[in-house]
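Dear colleague,

I am handing over the structure we spoke about, and I would be glad if you could look through it with the notes that follow.

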Amino acid sequence: MHATTILMVRKGGRVVIGGDGQVSLGQTIVKGNARKVRRLAKGSVIGGFAGATADAFTLFERLEAKLEQYPGQLTRACVELTKDWRTDRYLRRLEAMMLVADKDVSLLLSGAGDVLEPEGGVMAIGSGGNYALAAARALEEQDLDAEAIVRRAMRIAAEICVYTNGSLVIESLDAA
């Protein structure tokens, strides 16, 4: 997936997801302040997406429904969503990836059926994801909180990736 960067960091009793605001169409920037990170499940879950916007909104709506069906069980809701994503003819065509977190768990979801928990509490997706991930891992050892790591790593990714800008949306939760 390209044309965005989403970064998740879990550290020091907080989980933070940050995303840039750039929307690109080919080689043209069509919007600089899109909101790719949001709260779900009445604020108890945060998530960010990379990929086609309409596809991501469809997936967020489906995840909300799964969270209502399995309240307080983010992992189960995500597994059920990815099962549907893989088997449903309509959903299978959706092109997006998601990072989601609640107070206990952080997960990456993909249409390939992946429900992955990050090793070390840091995960990123999108075209600038590898840059943000590398920066966040390097910053993780410093005396910075999760939000400061996300902000600095995203700034570094925006300086490197042409599909990432510095207009950030940040959401956080107190972790367990």
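In which kind of crossing, right-handed or left-handed, does α1 pass α2? Before I come to that, please keep in mind that this is a predicted model. The crossing of α1 past α2 is right-handed. The two helices, α1 at residues 53-69 and α2 at residues 74-87, pack at an angle of about 130°, and their axes are 9 Å apart, which makes α1 oblique to α2. On the α1 side the contact is made by Leu59, Arg62, Leu63, Lys66 and Leu67, while α2 brings Leu74, Ala77, Cys78, Glu80, Leu81, Asp84 and Trp85. Sorted by kind, the residues of this contact come to 8 nonpolar and 4 charged, with no polar ones.

From α3 the contact draws on Tyr131, Ala132, Ala135, Ala136, Leu139 and Glu140, and from α4 on Ile149, Arg152, Ala153, Met154, Ile156, Ala157 and Ile160. Of the residues in the contact of α3 with α4, 11 are nonpolar and 2 are charged, and none is polar.

Once residues up to four places away in sequence are set aside, Met98 touches Gly48, Phe49, Leu59, Phe60, Leu63, Leu107, Leu108, Leu109 and Ile125. Although Gly48 and Met98 are 50 residues apart in sequence, their C-alpha atoms are 5.6 Å apart in space. Leaving aside neighbours within four places in sequence, Gly48 is in contact with residues including Ile6, Ile17, Lys36, Val37, Phe60 and Ile125.

Two residues in the loop between β5 and β6 also deserve a look at their backbone. Most residues other than glycine have a negative phi. Ala41, which lies in the loop between β5 (37-40) and β6, has a positive phi of about 50° although it is not a glycine. Lys42, placed in the loop between β5 and β6, likewise has a positive phi, of about 55°, and with a relative accessibility of 88% Lys42 counts as exposed.

Lastly, Glu119 is found in the loop between β9 (115-116) and β10 (122-126). Is Glu119 buried or exposed? With a relative accessible area of 74%, Glu119 is exposed. The C-alpha atoms of Glu119 and Ala52 are separated by 27 Å, and the two residues are 67 residues apart along the chain.

With kind regards

Note on methods
Residues numbered from 1 in each chain as written. Predicted model: local features only at pLDDT ≥ 70, side-chain atom pairs only at ≥ 80, totals over all residues. Heavy atoms only, no water. Axes fitted to C-alpha atoms, helices over the stretch in contact; angles between N-to-C directions. Helix = DSSP H or I, 4+ residues; strand = E, 2+ residues; numbered from the N terminus. Parallel < 35°, antiparallel > 145°, perpendicular 65-115°, else oblique. Left-handed = near helix turned anticlockwise from the far one by under 90°. Contact = heavy atoms within 4.5 Å. Nonpolar A, V, L, I, M, F, W, Y, C, P; charged D, E, K, R; others polar. Buried < 20%, exposed > 50% of the residue type's maximum accessible area, 1.4 Å probe, protein only.
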